[in-house]
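I opened my notebook to jot down what I looked up in this one. Here are my entries, in the order I made them.

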Amino acid sequence: MKKNNNLKAWLYLLPAILFLGVFMVYPLIDVFFYSVEENYHSISQTYTGVGLGNFGHVLSDPYFIQALKNTLLLVVITVPISTGISLLIALGLSSITALKKAFQTIYFLPYVTNTLAVGLVFMILFARTEYTDGLINTLIQSLGFETVDFINGPYWAKMLVASLYTIWVVMPFKILILTSALASVNQDYYKAARVDGASSGRIFRKITLPMISPTVFYLIITGFIGAFKAYSDEVALFGVNLNEAGMNTIVGYVYDMLYSDKGGYPGYAAAAALVLFAIVFTITYINLKFSRDKVQYM
Amino acid sequence: MIENKKNISKVLIYLLLFVWALIVLFPFYWMVLTSVKDTAAYNNEKVPAFFTMKPTLANYVKAFTEVSLGRYFINTLIFTAATTGLMMLVTIPAAFAFARLEFRGKNLVFALFLSLMMIPNELVIITNYATIVNWGFQKGDLTYLGMILPSVTSVFYIYLLKENFEAIPNELYNAARVDGTGDLKYLLKVMVPICQPTIVTIVILKVIECWNSYVWPRLIARESKYFLVSNGIQAIRESGFGRQDIPAMMAAVVAVSVPLIVLFLMFRDKIMAGVSRGGTKG
């Protein structure tokens, strides 16, 4: 009976184990092999030696350096700004009753839209072509400033649009999580503070912030991880050839190395993916360590 | 005095919320507006107009006739239905095994499953690509399989459903066993119906994910007749009428966006609750 049950359980688990084994566990081990096999040729499946040559190549590839720089900038710009604004909005939402549900519904919309599709709208809003200045440039002009092509123009302009679009895309998740965190703070604390005559600024610093700090740190960590994987947003804004636009990201670099008419360079792709993983892992680790000292867990 | 101060802060709060609502909604307004503008009129607007007096649906006709948007929709439907269906076939039995069956190594296997949640897709995609190419699943109609198979598994949903299954009282299970009801029958006739809300949530979240997938299908689909909507939109921008005919491109963008927005408005609470329990985008 017992043995029978064992067998049955494994049968129920079999499909999941098969899928996970083939498409997650095996690839996870295999990626390390790819990363150290030098000059791997995908058609003949041969390689010339084992070593760190792929990492050397990737880390000295100007395209990778550019992608790394772009990704880091996007992370540094978008994570603090989006977390900050979403905290403000969540605080606003939790202090109103009228229209609250309508606002929440609207704020969530970017989550359910296709990044590639809506990115094109941002593209036409910010682009300046020979036919039209585009909406944003019309606004800039009416304020008396020089117009600038945000899509094919200077680097800072492209980085600005990429950051704005990224923030627009990630806000729904952050607002949702922060709003529910704020709603779960025990109302008795507020009542007690108000009886004591505490100011609203003081209530925020002494009650709200400590109570939701685990959520804020969770959002910062997932925000870092998400921003490090930036790619489709940039494709939507600047097109498939991100290297030419100078706006490639690390994930974009991995895909470019895989998807090549010459048979691809899985070794370089694996090395770049592992570098990305190492960065994300380190930052997550630092974040967790930092949060353990600063955050109050209930 | 205090009352006044309170009112001012209320006004400021509503102002902030309205401004953000405007920022969120404006791109949607702009895409719908542009999609109904006449192409010639649009190209003559040196300064973009904020509304149009003569809306036209011609751009939508163009989007579905001059480029294969219809084909991209069908592909995406096939991909979404097959991936989501397969995922449920994998997820429900696995969640049941973890929640109800006793077997040796259960805790260890479950811990291994959970640890897989932390693996970023970028690490496994390299070998998966090689696997699919070796199997020949990026040629002809097999492309569908190549796109679908690696997208099936979602460890998180197994976890979510297992938690839900475990909340069902054990007495029910024991009573069913006494009655001689088999495990499979119990799973399908009792557990699945009871956990229907969670199952619906999982299905919707997976549908959203599939509808928006871009990078993996793009890697696998070599011929444009296998493109999904994301990929199709990108192709329209790069080589279709994107550069010359912005209104037609926006019509395609609206067509791609509408299904998910409708789905969201229908299942708003389920989707938001599901995402706040385990969404990771952002």
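This is a predicted model: local features need pLDDT of at least 70, side-chain atom pairs count only at pLDDT 80 or more; totals for chains, interfaces and linings use all residues.

Entry 1: Next I looked up the largest nonpolar core, and it has 161 residues. Ala273(A) is among those with the most contacts inside this core, and so are Val254(A), Ala269(A), Ala272(A), Ala252(B) and Val253(B). Which helix gives the largest share of the core? It's α7 of chain A, residues 155-183, with 14 residues. I also wanted to know where the core lies relative to the domains of chain A. Domain 1 (1-51) and domain 2 (61-294) both give residues to the core, so it lies between them.

**Entry 2: the two domains.** I then checked how far apart those domains sit. Taken over C-alpha atoms, the centres of domain 1 and domain 2 of chain A are separated by 33 Å.

**Entry 3: where the chains meet.** I found 77 residues of chain A in contact with 71 residues of chain B. On the chain A side, helix α1 (residues 2-36) gives the most, with 19 residues. I sorted that side by type too: 55 residues are nonpolar, 17 are polar and 5 are charged.

**Entry 4: a covered helix.** Is α5(A) mostly covered or mostly open? Covered: 12 of its 12 residues are buried. Among them are Thr115(A), Gly119(A), Phe122(A) and Phe126(A). I checked the length of α5 as well, and from first C-alpha to last this helix (residues 115-126) reaches 16 Å, close to the 16 Å expected at 1.5 Å a residue.

Entry 5: Most residues other than glycine have a negative phi. I found Leu99(A) in the loop between α3 (62-94) and α4 (100-108) of chain A. Why does Leu99(A) count as partly exposed? It has 14 C-beta neighbours inside 10 Å, and partly exposed falls between 12 or fewer for exposed and 20 or more for buried.

**Entry 6: the scores.** Last, I wrote down the confidence values. The model scores ipTM 0.90 and pTM 0.91. For chain B the mean pLDDT is 88, and 96% of its residues reach 70 or more.

Methods
Residues are numbered from 1 along each chain as its sequence is written. Chains are lettered from A and ligands numbered from 1 in the order in which they are written. A nonpolar core is a set of buried Ala, Val, Leu, Ile, Met, Phe, Trp, Tyr and Cys residues joined through C-beta atoms within 7 Å. Helices (H or I, at least four residues) and strands (E, at least two) are DSSP runs, numbered from the N terminus. Domain bounds come from an automatic or database domain assignment. The expected span of a helix is 1.5 Å times one less than its number of residues. Two residues are in contact if their C-beta atoms, placed from the backbone, lie within 7 Å. Ala, Val, Leu, Ile, Met, Phe, Trp, Tyr, Cys and Pro count as nonpolar, Asp, Glu, Lys and Arg as charged, and the others, Gly among them, as polar. pLDDT is the predictor's confidence in each residue, from 0 to 100.
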